[in-house]
Every structure is written in structure tokens, then in C-alpha cells.
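Please examine the structure below before reading on.

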Amino acid sequence: MHKKTDLQKERFKRYYGLKPIEFKKDTLSAIAREQHCTPNVIRSSVVSIRLAMFRIAVEDFSMLETVYKKYHE
């Protein structure tokens with residue numbers, strides 16, 4: 001699996017509202033405006049991370065699920 005860039009990860013977190021404390025979802029357009037690119041570029045980053053997550057081993061996914069639940073308490 002290819003490594004994902006910090007920018008791709010940041011876009012994914014913002015789109016799905018996964019930033020601790022805020023948990024605010026941003027639209028593709030809002031992220032694109034701030035980063036001076038098109039919504040399609042943002043969508044590509046988000047999809048790339050989503051596809052990579054489907055390839056995560058079950059054991060590693062369990063750890064991610066635990067962290068996610070902790071931040072949503």
C-alpha cells in the first residue's frame with residue numbers, strides 16, 4: 001500500500017469531522033477554497049484515504065475503532 005500524505009490525511013479528517021475537540025465536518029468546497037484547489041482534488045484525497053482504510057488488517061482496525069470511540073465519548 002502506498003503511503004498517504006499528511007495533506008491527504010488532513011483533508012480526510014476535516015471532511016469527516018474527525019479532529020479532536022471540534023468534530024466539525026467541512027464540505028469539499030470549503031476545504032478546496034481554503035487550500036486553493038478544486039473540490040475534485042479534495043474528493044480524490046478523501047477517496048484515497050477511504051480506499052486505504054479498506055486494506056487495514058482487522059487487528060489494526062480494532063485499535064482505530066477504540067481510539068474513535070474514545071474521542072466520541
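Tyr15 is partly exposed, with a relative accessible area of 29%; here buried means under 20% relative accessible area, exposed over 50%, and partly exposed in between (1.4 Å probe, protein chains only). The model is predicted, so local features need pLDDT of at least 70 and side-chain atom pairs count only at pLDDT 80 or more, whereas totals for chains, interfaces and linings use all residues. Residues are numbered from 1 along each chain as its sequence is written, and side-chain values use heavy atoms, without hydrogens and water.

Tyr16 is likewise partly exposed, at 28%. The rings of Tyr15 and Tyr16 form an edge-to-face pair. Rings of Phe, Tyr and Trp (its six-membered ring) pair if their centres lie within 6.5 Å; planes under 30 degrees apart are stacked, over 60 edge-to-face, and the rest tilted. By this rule there are two aromatic pairs.

| Pair | Centre distance | Plane angle | Class |
|---|---|---|---|
| Phe12 and Tyr16 | 4.9 Å | 50° | tilted |
| Tyr15 and Tyr16 | 4.9 Å | 85° | edge-to-face |

Together, ring pairs link Phe12, Tyr15 and Tyr16 into a cluster. Phe12 and Tyr16 are four residues apart in helix H1, and so are separated by about one helical turn. Helices (H or I, at least four residues) and strands (E, at least two) are DSSP runs, numbered from the N terminus.

Phe12 counts as buried because its relative accessibility is 10%. In H1 (residues 6–16), Gln8, Arg11 and Arg14 are buried as well as Phe12. Just after H1, Gly17 takes a positive phi of about 65°.
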